[in-house]
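Work through the following exercises with the sequence and the model at hand. Each task is followed by a solution in steps.

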Amino acid sequence: MAIHVLTDVSVSFNSVDLSDHVRSVTVSMSSEDVDITAMGADSRAHAPGLRDDRVEIEWLQDYATSKVDQTLSTYVGNATGATLLVKPVNTTVSSTNPSYSMTAILLDYQPIAGTVGEANTVTTTFLPAAGSSITRATT
């Protein structure tokens with residue numbers, strides 16, 4: 001098994017490729033832990049509950065057309081959301097380069113963040129729109 005080093009992650013939101021502005025990305029697929037322990041049990045019993053997926057991305061800010069600010073700012077508070085697609089390598093989806101996608105909403109966005117002399121980096125957390133969750137694909 002090959003160890004993968006992230007150097008060329010692909011990230012697009014609403015079909016806009018923003019990969020060249022991504023500094024870090026974390027795709028989290030999880031379910032809530034539901035305690036289903038009944039009386040008389042001698043240990044806790046657990047079951048998966050509702051999905052609680054999210055994608056966190058740190059961006060290098062850019063205010064130009066079809067870049068970070070213009071693409072993201074129009075979706076803050078938009079309940080419909082848009083397709084977020086993340087791949088480990090910026091090439092064709094395959095069994096060794098799966099894609100992770102969802103219809104994502106953005107509830108919070110800080111268009112300016114940083115201190116004097118530092119890069120303007122912005123961190124966003126994308127959540128699934130109603131009825132969506134992260135889907136893994138290899139084709």
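This is a predicted model: local features need pLDDT of at least 70, side-chain atom pairs count only at pLDDT 80 or more; totals for chains, interfaces and linings use all residues.

**Exercise 1. Find the aromatic pairs of the whole structure and describe their geometry.**

Solution. 

Step 1. Searching the whole structure gives two aromatic pairs. A pair of this kind is described by the distance of the ring centres and the angle of the planes.

Step 2. Phe 13 and Tyr 75 are 5.1 Å apart, centre to centre, with 75 degrees between the planes. Planes over 60 degrees apart count as edge-to-face, and the pair of Phe 13 and Tyr 75 is edge-to-face.

Step 3. Phe 13 is in strand 1, whereas Tyr 75 is in the loop between helix 1 and strand 7, so this pair ties together parts 62 residues apart in sequence. Both Phe 13 and Tyr 75 are buried.

Step 4. For Phe 13 and Phe 126, the ring centres are 5.0 Å apart and the planes stand at 50 degrees, so this pair is tilted. The pair links distant parts of the chain, with Phe 13 in strand 1 and Phe 126 in strand 9, 113 residues apart.

Step 5. Phe 13 has a relative accessible area of 0% and is therefore buried. Phe 126 is buried too, with a relative accessible area of 0%.

Step 6. Phe 13, Tyr 75 and Phe 126 together form one aromatic cluster.

**Exercise 2. Which residues of the largest nonpolar core touch the most other members, and which elements give two or more residues to this core?**

Solution. 

Step 1. The largest nonpolar core has 23 residues. Those that touch the most other members are Val 55, Ile 57, Trp 59, Leu 84 and Phe 126.

Step 2. Two or more residues of this core come from each of strand 1 (10-13), strand 3 (22-28), strand 6 (54-60), helix 1 (68-73), strand 7 (82-87), strand 8 (99-106) and strand 9 (121-128).

Step 3. Take Leu 84 and set aside its neighbours within four places in sequence. Leu 84 is then in contact with Val 11, Ser 12, Phe 13, Val 55, Ile 57, Tyr 100, Ser 101, Met 102, Ala 104 and Phe 126.

Step 4. As a general background, nonpolar side chains in soluble globular proteins tend to be buried together.

**Exercise 3. Is Thr 71 buried or exposed, and is Leu 107 buried or exposed?**

Solution. 

Step 1. Thr 71 is part of helix 1. Its relative accessibility is 6%, so Thr 71 counts as buried.

Step 2. Apart from neighbours within four places in sequence, Thr 71 is in contact with Phe 13, Val 16, Leu 18 and Ser 66.

Step 3. Leu 107 sits in the loop between strand 8 and strand 9. With a relative accessible area of 56%, Leu 107 is exposed.

Step 4. Residues up to four places away in sequence not counted, Leu 107 touches Val 76 and Leu 127.

Step 5. Between Leu 107 and Thr 65 there are 22 Å in space, C-alpha to C-alpha, and the two are 42 residues apart in sequence.

**Exercise 4. Describe the chain as a whole: its elements, extent, burial, contacts, surface and charges.**

Solution. 

Step 1. One helix and 10 strands make up the elements of the chain. Read from the N terminus, their order is β-β-β-β-β-β-α-β-β-β-β.

Step 2. Along the principal axes, the C-alpha atoms fill a box of roughly 60 × 35 × 30 Å.

Step 3. Of the 139 residues in the chain, 29% are buried.

Step 4. Consider contacts between residues at least 6 apart in sequence: 64% of them join residues at least 24 apart.

Step 5. The accessible surface of the chain is about 8,500 Å², and 52% of that belongs to carbon and sulfur atoms.

Step 6. The chain has 7 positive and 15 negative charges, whose mean positions are 6 Å apart.

Note on methods. Residues are numbered from 1 along each chain as its sequence is written. Side-chain values use heavy atoms; hydrogens and water are left out. A nonpolar core is a set of buried Ala, Val, Leu, Ile, Met, Phe, Trp, Tyr and Cys residues joined through side-chain atoms within 4.5 Å. Buried means under 20% relative accessible area, exposed over 50%, partly exposed in between (1.4 Å probe, protein chains only). Helices (H or I, at least four residues) and strands (E, at least two) are DSSP runs, numbered from the N terminus. Contact means heavy atoms within 4.5 Å. Rings of Phe, Tyr and Trp (its six-membered ring) pair if their centres lie within 6.5 Å; planes under 30 degrees apart count as stacked, over 60 as edge-to-face and the rest as tilted. Accessible areas come from the Shrake-Rupley method with a 1.4 Å probe; for residues, only the protein chains shown count as cover. Lys and Arg count as positive and Asp and Glu as negative; His and the chain ends are not counted. The place of a charge is taken as NZ of Lys, CZ of Arg, CG of Asp or CD of Glu.
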